[in-house]
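Welcome! Take a moment to look over the sequence and the 3D view, and then we can walk through some features together.

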Amino acid sequence: MNKILEVKNISKRFGNIQALRDVSFDVEKGEFVFIVAHTNAGKSTLLKIIAGILEPDEGEIYIEGENITKTPPWERPVGYMPQTYALFPHMTVLENVMFGPIHRGLDREEAIEKAQKYIELVGLKGWEKAYPHELSGGMQQRVALARVLAVEPKIILLDEPLSALDALLRVKLRGEIKKILKGKTVLWVTHDQEGAMSLADKLIVMRSGRIVAVGNAMELYYKPTSLYVAHFLGEINFIESVAHGGFVQILDTKVSTDKIGPVVIGIRPEDIKIVKNNSSPLGRVKELRFVGGFWRLLVDVEGIDLVVYSLKRIRSKEVSLRIHPEDVLVFDYPPEGIRRAVHLE
Ligand SMILES: Nc1ncnc2c1ncn2[C@@H]1O[C@H](COP(=O)(O)OP(=O)(O)OP(=O)(O)O)[C@@H](O)[C@H]1O
Ligand SMILES: [Mg+2]
C-alpha cells in the first residue's frame, strides 16, 4: 500500500449547513478515484479543503505522510481544477498554461518548456498562440487540464471538468482525459455516476456531507450495502417483502437470506430475463419504451410492477420472466420507508 493522500475526519460547516461530516478516505499512488454524489453533498467543499482554498473545522489532510492542513494552496503538491473553471481570457493558451509554473517559481524559459510539453500532451500542439475564445468547449477543457498538469502535482483534483460540455463530447473527452492522466493520481468529483463507474479504480459515494460507500464500480453496483447506493448507481426494482425460514421469494425464485421479517428485495432491470418458457411467471407488458440501444418495459407480474430491460424488441403483450437467485439483493426494510431511504423525499 502506497498512500499518497489521507483525508482524516474532515468536517466543515457554513452557518447552519453542515457541508461535510467526519469524512475520511485514502488515495493510493496512481489511483483514479471518483467522488460521486448529488448536488449539495459537499463534493466541491471537500476538494477545496484538499486544495487548501478552504480550511476545515475539524480533521486533517496528509500528503505522503505529511500534515498539510495548514499549508497554503500554492505550496501544496496538488493541481486543482475548480468547478467553474475559467481560463484567463486575455492570455493565450501558452500563457495560460505557463501561469502555474511561473507562480511556483520557475523562470520563463523553464515555464515555456513545461507548458509546451503539456499542451502537446493534451493534443493542442500548434494552438499555443490562440486565445480561449478561439477554441471549442472541449479544447478549452483540455487547456484547463494542461494548466493543472503543468505544475506537475502529486495529486490532480478535478471538480466536474466535463459538466459544461454536451453529452457526446463529454463521453469522448472522458476517455481522452483518462488516457492523458494515465499513471497519475487523480481525485475527480462528479454527479455523473455512469461516467464515474466507467473510469474509476475506486468510487466514493457521498450523501449530505457523509461518505456512504467506498469500493470499485462492480462491487458497489452489484453488491451495494444500502438501498441508497443501489438506487444511486443505476435503475433498480425495489419490492417490499417478508423473509421467513431463511428465505425470501420473488416471482417463483427463492432466495436464501439471514434476515427475518420485513425486507426490501432489489433486482436490476437487466437481471430480469425474458424467457420463452411457459412454466415461468407470466407478466403483462404495461409500458414499452425504446431508450436507445435497448428497450425498457414495465411489466405487471402477479400485481408487482417490474422494470425490465430487453436488448431485443418485444412484440407480445405478455412475457415470461425469470430471475436468478444470485442476482437478487435483500436489504433490511428501512424504518424511514423506501422513498426516504433513497432520497426521493
Ligand atoms: N461558501 C459557502 N457559504 C455558504 N454555504 C456554502 C458555501 N459553500 C458551499 N456551501 C453549502 O454547502 C453545501 C455543499 O456545497 P458543495 O458546493 O460542496 O456541494 P457539491 O456537492 O459540490 O454540489 P454541486 O454538485 O452542486 O456542485 C451546500 O448546501 C452549499 O450550499
Ligand atoms: Mg460542486
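## The shell around the ligand

Let us begin with ligand 1. Sorted by class, its shell holds seven polar residues, five nonpolar residues and one charged residue. Keep in mind as you explore that this is a predicted model.

Which residues come nearest to ligand 1? Among the 13 residues around the ligand, these are Phe14, Thr39, Lys43, Ser44 and Thr45. Two elements, strand E2 (17–28) and helix H1 (43–51), each supply at least two residues of the shell. The largest share comes from H1, with three residues.

## Two domains

Stepping back to the whole chain, you will find it divided into two parts: domain 1 covers 3–229, and domain 2 covers 236–341. How far apart do the C-alpha centres of domain 1 and domain 2 lie? The distance between these centres is 38 Å.

## Where H2 meets H4

Now turn to a pair of helices. Helix H2 (residues 93–103) packs with helix H4 (residues 137–149) at an angle of about 30°, and their axes are 7 Å apart. Because angles under 35 degrees count as roughly parallel, H2 is roughly parallel to H4. The crossing in which H2 passes H4 is right-handed.

## Where H4 meets H5

H4 has a further helix to show you. Its axis and that of helix H5 (residues 167–180) come within 11 Å, crossing at roughly 25°. That angle makes H4 roughly parallel to H5. Is the crossing in which H4 passes H5 left-handed or right-handed? H4 passes H5 in a right-handed crossing.

On the H4 side, the contact is made by Gly137, Gly138, Gln141 and Leu145. H5 brings Leu169, Leu173, Ile177 and Ile180 to the contact. How do the residues of the contact of H4 with H5 divide by class? Five are nonpolar and three are polar, with no charged residues.

## A last look

To bring the helices together, H4 is roughly parallel to H2, and H4 is also roughly parallel to H5. When you return to the ligand, Lys43, Ser44 and Thr45 are among the residues that come nearest to ligand 1.

How values were computed:
Residues are numbered from 1 along each chain as its sequence is written. Chains are lettered from A and ligands numbered from 1 in the order in which they are written. This is a predicted model: local features need pLDDT of at least 70, side-chain atom pairs count only at pLDDT 80 or more; totals for chains, interfaces and linings use all residues. Domain bounds come from an automatic or database domain assignment. A residue is near a molecule or strand if its C-beta atom, placed from the backbone, lies within 6 Å of it. Helices (H or I, at least four residues) and strands (E, at least two) are DSSP runs, numbered from the N terminus. Ala, Val, Leu, Ile, Met, Phe, Trp, Tyr, Cys and Pro count as nonpolar, Asp, Glu, Lys and Arg as charged, and the others, Gly among them, as polar. Axes are lines fitted to C-alpha atoms, for helices over the stretch in contact, and angles run from 0 to 180 degrees between N-to-C directions. Angles under 35 degrees count as roughly parallel, over 145 as roughly antiparallel, 65 to 115 as roughly perpendicular and the rest as oblique. A crossing is left-handed if the near helix is turned anticlockwise from the far one by less than a right angle, and right-handed if clockwise. Two residues are in contact if their C-beta atoms, placed from the backbone, lie within 7 Å.
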